[in-house]
Amino acid sequence: MQQNFVKLVLDNGGSIQPLFLDFKYTNGTGIFNPSVYYDKILDKLLVNIRHCQYTLYHAEKCKFDSQWGPLSYLNPENDMTLTTTNYLSELDRNTLQTQKVLKIDTSKLDVKPIWEFVGLEDVRLVRWNNTLYATGVRRDTTPHGQGRMELSGIELTNDSAKEFSRFRIASTGDDNSYCEKNWMPIEEMPFHYMKWCNPSEIVKVDLETNKTKSTFMGTYTYFYKDFRGGSQVIRLNDNYSFACVHTVNLFRSEIGAKNAVYRHCFIFWDNDWNVHKWTPEFSFLNADIEFCTGMTKLDNSFILTFGFQDNCSFVLKVPAKLMEDICTT
(Lines give C-alpha, C1' and ligand atoms only; values in the text may rest on other atoms or scores of the structure.)
Protein backbone atom coordinates (compact mmCIF):
# COMPACT_ATOMS: atom_id res chain seq x y z
CA MET A 1 0.00 0.00 0.00
CA GLN A 2 1.51 3.30 -1.08
CA GLN A 3 2.16 6.17 1.32
CA ASN A 4 -0.26 8.64 -0.32
CA PHE A 5 -3.56 6.94 0.42
CA VAL A 6 -5.69 9.49 -1.43
CA LYS A 7 -3.81 8.79 -4.67
CA LEU A 8 -4.36 5.06 -4.19
CA VAL A 9 -8.09 5.68 -3.71
CA LEU A 10 -8.37 7.94 -6.75
CA ASP A 11 -6.45 5.45 -8.88
CA ASN A 12 -9.04 2.82 -7.89
CA GLY A 13 -12.17 4.81 -8.71
CA GLY A 14 -12.72 6.70 -5.46
CA SER A 15 -13.17 10.43 -4.94
CA ILE A 16 -12.30 13.25 -2.55
CA GLN A 17 -14.24 16.36 -1.60
CA PRO A 18 -13.24 19.31 0.63
CA LEU A 19 -15.58 20.31 3.45
CA PHE A 20 -16.46 23.94 4.04
CA LEU A 21 -17.87 26.17 6.76
CA ASP A 22 -19.02 29.69 6.00
CA PHE A 23 -16.67 32.50 7.03
CA LYS A 24 -19.35 33.77 9.42
CA TYR A 25 -18.73 30.70 11.59
CA THR A 26 -14.93 30.64 11.46
CA ASN A 27 -13.62 34.17 10.80
CA GLY A 28 -11.12 32.40 8.58
CA THR A 29 -9.63 30.12 11.25
CA GLY A 30 -9.27 26.38 11.07
CA ILE A 31 -11.78 23.58 10.58
CA PHE A 32 -10.46 20.07 11.05
CA ASN A 33 -10.89 16.51 12.35
CA PRO A 34 -14.37 15.88 10.94
CA SER A 35 -16.29 12.71 11.80
CA VAL A 36 -18.60 11.10 9.25
CA TYR A 37 -21.44 8.72 10.13
CA TYR A 38 -24.21 7.14 8.10
CA ASP A 39 -27.28 7.22 10.35
CA LYS A 40 -29.55 4.37 9.31
CA ILE A 41 -32.42 5.66 11.46
CA LEU A 42 -32.46 9.04 9.73
CA ASP A 43 -31.13 7.67 6.42
CA LYS A 44 -28.68 10.55 6.37
CA LEU A 45 -24.95 10.83 5.86
CA LEU A 46 -23.91 13.10 8.72
CA VAL A 47 -20.63 14.84 9.43
CA ASN A 48 -19.42 16.71 12.49
CA ILE A 49 -16.89 19.43 11.66
CA ARG A 50 -14.66 20.79 14.41
CA HIS A 51 -13.79 24.47 14.46
CA CYS A 52 -11.14 25.92 16.76
CA GLN A 53 -10.36 29.62 16.79
CA TYR A 54 -6.73 29.39 15.78
CA THR A 55 -4.72 28.90 12.61
CA LEU A 56 -1.99 26.29 12.79
CA TYR A 57 1.27 27.14 11.11
CA HIS A 58 3.42 24.09 10.40
CA ALA A 59 6.73 24.12 8.57
CA GLU A 60 6.39 20.99 6.47
CA LYS A 61 9.59 18.92 6.22
CA CYS A 62 11.07 21.34 8.81
CA LYS A 63 11.52 24.10 6.21
CA PHE A 64 10.67 27.78 6.77
CA ASP A 65 10.37 27.80 10.55
CA SER A 66 8.59 30.74 12.13
CA GLN A 67 10.17 32.70 14.97
CA TRP A 68 8.24 30.39 17.35
CA GLY A 69 9.48 27.20 15.73
CA PRO A 70 8.13 24.75 13.13
CA LEU A 71 4.69 24.32 14.76
CA SER A 72 2.81 27.37 16.02
CA TYR A 73 -0.77 28.15 17.08
CA LEU A 74 -1.83 31.58 15.85
CA ASN A 75 -4.64 32.79 18.10
CA PRO A 76 -6.77 35.93 18.07
CA GLU A 77 -5.10 38.50 20.33
CA ASN A 78 -8.16 38.71 22.58
CA ASP A 79 -8.57 34.94 23.09
CA MET A 80 -5.60 32.69 23.70
CA THR A 81 -7.65 29.62 24.58
CA LEU A 82 -8.13 26.65 22.27
CA THR A 83 -11.92 26.68 22.09
CA THR A 84 -13.73 24.04 20.06
CA THR A 85 -17.14 24.52 18.47
CA ASN A 86 -18.80 21.63 16.65
CA TYR A 87 -21.01 21.89 13.58
CA LEU A 88 -23.27 19.12 12.31
CA SER A 89 -24.14 18.84 8.64
CA GLU A 90 -25.72 16.40 6.24
CA LEU A 91 -23.63 15.37 3.24
CA ASP A 92 -25.10 14.84 -0.19
CA ARG A 93 -24.80 11.10 -0.82
CA ASN A 94 -23.52 11.61 -4.37
CA THR A 95 -21.37 14.74 -4.28
CA LEU A 96 -20.38 14.52 -0.57
CA GLN A 97 -20.87 18.27 -0.31
CA THR A 98 -22.20 19.81 2.89
CA GLN A 99 -25.85 20.81 2.86
CA LYS A 100 -27.44 22.60 5.82
CA VAL A 101 -24.89 23.33 8.58
CA LEU A 102 -26.08 23.46 12.20
CA LYS A 103 -24.01 24.60 15.16
CA ILE A 104 -24.43 22.08 17.98
CA ASP A 105 -26.15 24.01 20.75
CA THR A 106 -24.51 23.03 24.04
CA SER A 107 -25.91 25.91 26.11
CA LYS A 108 -28.24 23.71 28.19
CA LEU A 109 -25.34 21.88 29.83
CA ASP A 110 -22.40 24.28 29.52
CA VAL A 111 -20.61 25.49 32.63
CA LYS A 112 -17.83 28.04 32.90
CA PRO A 113 -14.58 26.43 31.67
CA ILE A 114 -11.66 26.43 34.10
CA TRP A 115 -8.86 25.40 31.74
CA GLU A 116 -7.59 26.71 28.42
CA PHE A 117 -8.71 23.81 26.17
CA VAL A 118 -12.45 24.45 25.94
CA GLY A 119 -15.21 22.28 24.48
CA LEU A 120 -15.66 18.74 23.23
CA GLU A 121 -12.63 17.87 21.11
CA ASP A 122 -12.28 15.39 18.24
CA VAL A 123 -15.87 14.18 18.24
CA ARG A 124 -16.82 10.82 16.78
CA LEU A 125 -20.45 10.32 15.80
CA VAL A 126 -22.28 7.10 16.65
CA ARG A 127 -25.85 5.98 17.31
CA TRP A 128 -26.32 3.63 20.25
CA ASN A 129 -29.72 2.41 21.48
CA ASN A 130 -31.55 4.86 19.20
CA THR A 131 -29.66 7.91 20.52
CA LEU A 132 -27.28 9.89 18.33
CA TYR A 133 -24.12 10.67 20.28
CA ALA A 134 -21.16 12.94 19.83
CA THR A 135 -18.31 11.41 21.82
CA GLY A 136 -14.94 13.04 22.35
CA VAL A 137 -12.59 14.36 25.03
CA ARG A 138 -13.28 17.36 27.30
CA ARG A 139 -10.48 19.01 29.28
CA ASP A 140 -12.04 22.21 30.64
CA THR A 141 -13.63 20.89 33.86
CA THR A 142 -10.48 20.83 36.03
CA PRO A 143 -7.85 23.54 36.57
CA HIS A 144 -5.03 21.30 35.31
CA GLY A 145 -6.72 19.98 32.14
CA GLN A 146 -7.55 16.41 33.10
CA GLY A 147 -9.15 14.84 30.03
CA ARG A 148 -12.03 12.39 30.01
CA MET A 149 -14.12 10.99 27.21
CA GLU A 150 -17.70 12.26 27.22
CA LEU A 151 -20.96 11.17 25.61
CA SER A 152 -23.22 13.97 24.43
CA GLY A 153 -26.72 13.02 23.33
CA ILE A 154 -27.76 15.06 20.28
CA GLU A 155 -31.32 15.89 19.26
CA LEU A 156 -31.24 16.60 15.53
CA THR A 157 -34.09 18.27 13.66
CA ASN A 158 -34.25 20.05 10.32
CA ASP A 159 -33.43 23.36 11.99
CA SER A 160 -31.34 22.55 15.05
CA ALA A 161 -28.82 20.24 16.67
CA LYS A 162 -29.06 20.38 20.45
CA GLU A 163 -27.11 18.60 23.15
CA PHE A 164 -29.68 17.24 25.61
CA SER A 165 -27.47 14.99 27.77
CA ARG A 166 -23.83 14.90 28.80
CA PHE A 167 -22.03 12.05 30.51
CA ARG A 168 -18.40 12.20 31.61
CA ILE A 169 -16.85 8.74 31.33
CA ALA A 170 -14.68 7.43 34.13
CA SER A 171 -11.53 5.61 33.12
CA THR A 172 -10.91 2.01 34.06
CA GLY A 173 -9.39 1.04 37.41
CA ASP A 174 -8.94 3.81 39.96
CA ASP A 175 -9.66 6.57 37.40
CA ASN A 176 -6.61 8.61 38.31
CA SER A 177 -4.99 8.94 34.88
CA TYR A 178 -4.35 12.40 33.52
CA CYS A 179 -5.80 12.35 30.03
CA GLU A 180 -8.04 9.80 28.32
CA LYS A 181 -8.74 10.57 24.67
CA ASN A 182 -9.23 9.03 21.23
CA TRP A 183 -11.27 6.08 22.46
CA MET A 184 -12.94 4.62 19.36
CA PRO A 185 -16.67 3.83 19.64
CA ILE A 186 -17.54 0.36 18.35
CA GLU A 187 -20.55 0.94 16.12
CA GLU A 188 -22.22 -2.46 16.60
CA MET A 189 -21.60 -2.72 20.37
CA PRO A 190 -23.50 -0.02 22.31
CA PHE A 191 -21.40 1.80 24.92
CA HIS A 192 -18.25 -0.12 24.03
CA TYR A 193 -14.99 1.52 22.98
CA MET A 194 -11.68 0.30 21.65
CA LYS A 195 -9.54 2.06 24.25
CA TRP A 196 -6.16 0.75 23.14
CA CYS A 197 -5.06 -0.91 19.92
CA ASN A 198 -1.92 -2.84 20.89
CA PRO A 199 -2.78 -4.85 22.85
CA SER A 200 -6.40 -4.38 21.81
CA GLU A 201 -8.50 -3.42 24.83
CA ILE A 202 -12.29 -3.07 24.69
CA VAL A 203 -14.07 -1.28 27.52
CA LYS A 204 -17.76 -0.98 28.37
CA VAL A 205 -19.29 2.14 29.89
CA ASP A 206 -22.15 1.81 32.41
CA LEU A 207 -24.16 5.03 32.41
CA GLU A 208 -26.04 4.10 35.59
CA THR A 209 -23.08 3.27 37.83
CA ASN A 210 -20.54 5.56 36.13
CA LYS A 211 -18.14 2.66 35.95
CA THR A 212 -15.99 1.61 33.02
CA LYS A 213 -14.68 -1.93 32.88
CA SER A 214 -12.38 -3.77 30.51
CA THR A 215 -14.22 -6.57 28.70
CA PHE A 216 -11.49 -7.77 26.35
CA MET A 217 -7.69 -7.66 26.36
CA GLY A 218 -5.76 -9.02 23.42
CA THR A 219 -2.10 -9.88 23.11
CA TYR A 220 0.73 -7.42 22.51
CA THR A 221 2.59 -7.47 19.21
CA TYR A 222 5.84 -5.56 18.89
CA PHE A 223 5.63 -2.42 16.79
CA TYR A 224 8.07 0.46 16.94
CA LYS A 225 5.30 3.00 17.52
CA ASP A 226 2.04 3.13 19.47
CA PHE A 227 -1.22 2.71 17.58
CA ARG A 228 -3.64 5.36 18.82
CA GLY A 229 -7.35 5.85 18.25
CA GLY A 230 -8.81 7.38 15.13
CA SER A 231 -12.14 6.60 13.48
CA GLN A 232 -15.06 4.58 14.79
CA VAL A 233 -14.66 0.78 14.72
CA ILE A 234 -16.98 -0.51 12.01
CA ARG A 235 -17.75 -3.66 10.06
CA LEU A 236 -15.77 -4.44 6.91
CA ASN A 237 -17.73 -7.60 6.12
CA ASP A 238 -19.02 -10.73 7.89
CA ASN A 239 -15.51 -11.71 8.93
CA TYR A 240 -13.75 -8.54 10.00
CA SER A 241 -14.16 -5.21 11.78
CA PHE A 242 -11.66 -2.42 11.28
CA ALA A 243 -10.66 1.13 12.11
CA CYS A 244 -8.32 3.81 10.85
CA VAL A 245 -5.81 4.61 13.62
CA HIS A 246 -2.82 6.90 13.90
CA THR A 247 0.75 7.01 15.10
CA VAL A 248 2.51 10.20 16.16
CA ASN A 249 6.16 11.11 16.48
CA LEU A 250 6.52 14.04 18.88
CA PHE A 251 9.94 15.67 18.93
CA ARG A 252 11.81 18.95 19.35
CA SER A 253 13.39 21.06 16.64
CA GLU A 254 16.96 22.35 16.76
CA ILE A 255 15.82 25.29 18.90
CA GLY A 256 13.82 23.07 21.25
CA ALA A 257 10.40 23.91 19.77
CA LYS A 258 7.55 21.39 19.50
CA ASN A 259 7.09 19.42 16.30
CA ALA A 260 5.16 16.32 15.24
CA VAL A 261 4.61 13.87 12.39
CA TYR A 262 1.32 11.96 12.18
CA ARG A 263 0.77 8.83 10.14
CA HIS A 264 -2.18 6.43 9.83
CA CYS A 265 -2.83 2.75 9.27
CA PHE A 266 -5.79 0.37 9.20
CA ILE A 267 -6.21 -2.36 11.79
CA PHE A 268 -8.45 -5.34 11.05
CA TRP A 269 -9.91 -7.59 13.77
CA ASP A 270 -11.62 -10.95 13.36
CA ASN A 271 -14.93 -11.76 15.06
CA ASP A 272 -13.11 -12.75 18.28
CA TRP A 273 -11.23 -9.41 18.28
CA ASN A 274 -7.91 -11.00 17.40
CA VAL A 275 -5.82 -8.67 15.25
CA HIS A 276 -5.91 -10.07 11.73
CA LYS A 277 -3.71 -7.47 10.09
CA TRP A 278 -2.46 -3.94 10.18
CA THR A 279 -1.26 -2.03 7.17
CA PRO A 280 1.97 -0.09 6.72
CA GLU A 281 1.80 3.51 7.86
CA PHE A 282 0.53 6.01 5.31
CA SER A 283 -0.36 9.66 4.92
CA PHE A 284 -3.49 10.91 3.22
CA LEU A 285 -2.02 13.86 1.30
CA ASN A 286 1.66 13.74 2.31
CA ALA A 287 1.38 16.32 5.06
CA ASP A 288 2.89 15.77 8.51
CA ILE A 289 -0.19 16.98 10.40
CA GLU A 290 -3.25 14.91 9.39
CA PHE A 291 -5.88 13.22 11.52
CA CYS A 292 -8.73 10.81 10.75
CA THR A 293 -11.70 10.81 13.15
CA GLY A 294 -14.48 9.32 11.05
CA MET A 295 -15.33 6.31 8.90
CA THR A 296 -18.64 4.77 7.83
CA LYS A 297 -20.11 2.39 5.26
CA LEU A 298 -22.45 3.76 2.60
CA ASP A 299 -23.71 1.55 -0.22
CA ASN A 300 -20.62 0.07 -1.91
CA SER A 301 -18.12 2.49 -0.43
CA PHE A 302 -16.44 3.39 2.80
CA ILE A 303 -16.45 7.10 3.61
CA LEU A 304 -13.52 8.53 5.58
CA THR A 305 -13.04 12.04 6.91
CA PHE A 306 -9.76 13.64 7.92
CA GLY A 307 -8.27 16.98 8.88
CA PHE A 308 -5.27 18.49 7.13
CA GLN A 309 -2.82 20.70 9.09
CA ASP A 310 -5.67 21.69 11.47
CA ASN A 311 -6.80 24.13 8.79
CA CYS A 312 -9.05 22.22 6.40
CA SER A 313 -11.07 19.03 6.13
CA PHE A 314 -11.76 16.41 3.50
CA VAL A 315 -14.17 13.54 2.89
CA LEU A 316 -12.84 10.55 0.98
CA LYS A 317 -14.96 7.88 -0.76
CA VAL A 318 -13.13 4.54 -0.85
CA PRO A 319 -14.52 1.67 -2.97
CA ALA A 320 -15.41 -1.25 -0.72
CA LYS A 321 -13.48 -3.66 -2.97
CA LEU A 322 -10.28 -1.70 -2.43
CA MET A 323 -10.67 -1.88 1.34
CA GLU A 324 -11.36 -5.63 1.23
CA ASP A 325 -8.31 -6.11 -0.98
CA ILE A 326 -6.21 -4.21 1.56
CA CYS A 327 -7.52 -6.50 4.31
CA THR A 328 -6.85 -9.76 2.49
CA THR A 329 -3.58 -9.13 0.62
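Q: What should I know about the model before we start?
A: It is predicted, so local features need pLDDT of at least 70, side-chain atom pairs count only at pLDDT 80 or more, and totals for chains, interfaces and linings use all residues. Residues are numbered from 1 along each chain as its sequence is written, and side-chain values use heavy atoms, with hydrogens and water left out.

Q: Is Cys52 buried or exposed?
A: Buried, with a relative accessible area of 0%. Cys327 is buried at 1%. Buried means under 20% relative accessible area, exposed over 50%, and partly exposed in between (1.4 Å probe, protein chains only).

Q: Switching to salt bridges. How many are counted?
A: The count is 18 salt bridges. The rule is a side-chain nitrogen of Lys or Arg within 4 Å of a carboxyl oxygen of Asp or Glu.

Q: Which residue does Asp122 pair with?
A: Arg50, at 2.7 Å, N to O. The pair links distant parts of the chain: Asp122 sits in strand 9 (residues 120-128), Arg50 in strand 3 (residues 44-52), and they are 72 residues apart. Helices (H or I, at least four residues) and strands (E, at least two) are DSSP runs, numbered from the N terminus.

Q: Are those two buried or exposed?
A: Asp122 is buried at 8% relative accessible area. Arg50 is buried at 7%.

Q: What about Arg166 and Asp110?
A: Their side chains form a salt bridge at 2.9 Å, N to O. Arg166 is in strand 12 (residues 161-168), while Asp110 is in the loop between strand 7 and strand 8 (117-118), 56 residues apart. Arg166 is partly exposed at 24%, and so is Asp110 at 39%.

Q: Which residues are joined into one network?
A: Arg138, Asp140, Glu150 and Arg168, through salt bridges that share partners.

Q: Where is the Asp11 and Lys7 pair?
A: In helix 1 (residues 5-11), four residues apart, about one helical turn. Lys7 is partly exposed at 45%.

Q: Now the largest pocket. How much space lies in it?
A: About 1,000 Å³. Of its 37 lining residues, the closest to the centre are Asp122, Lys181, Asn182, Lys258 and Tyr262. On a 1 Å grid over the protein atoms alone, a pocket is an open set of points where a 1.4 Å probe fits, with protein on both sides within 12 Å along at least five of seven lines; lining residues have an atom within 4 Å of a point.

Q: Which strand gives the most to the lining?
A: Strand 18 (residues 241-252), with four residues.

Q: Last one: which residues form the nonpolar patch on the surface?
A: Tyr220, Tyr222 and Tyr224, with about 450 Å² of accessible area together. Nonpolar patch members have over 30% relative accessible area, no salt bridge, and side chains (Val, Leu, Ile, Met, Phe, Trp, Tyr) joined within 5 Å. Tyr220 is in the loop between strand 16 (211-217) and strand 17 (234-235), and is exposed at 52%.

Note on methods. Patch = residues over 30% accessible without salt bridge, like charges linked within 9 Å, V, L, I, M, F, W, Y side chains within 5 Å. Areas by Shrake-Rupley, 256 points an atom, 1.4 Å probe, with all protein chains shown as cover. Points joined across faces, edges and corners; volume = space filled by probe spheres on them.
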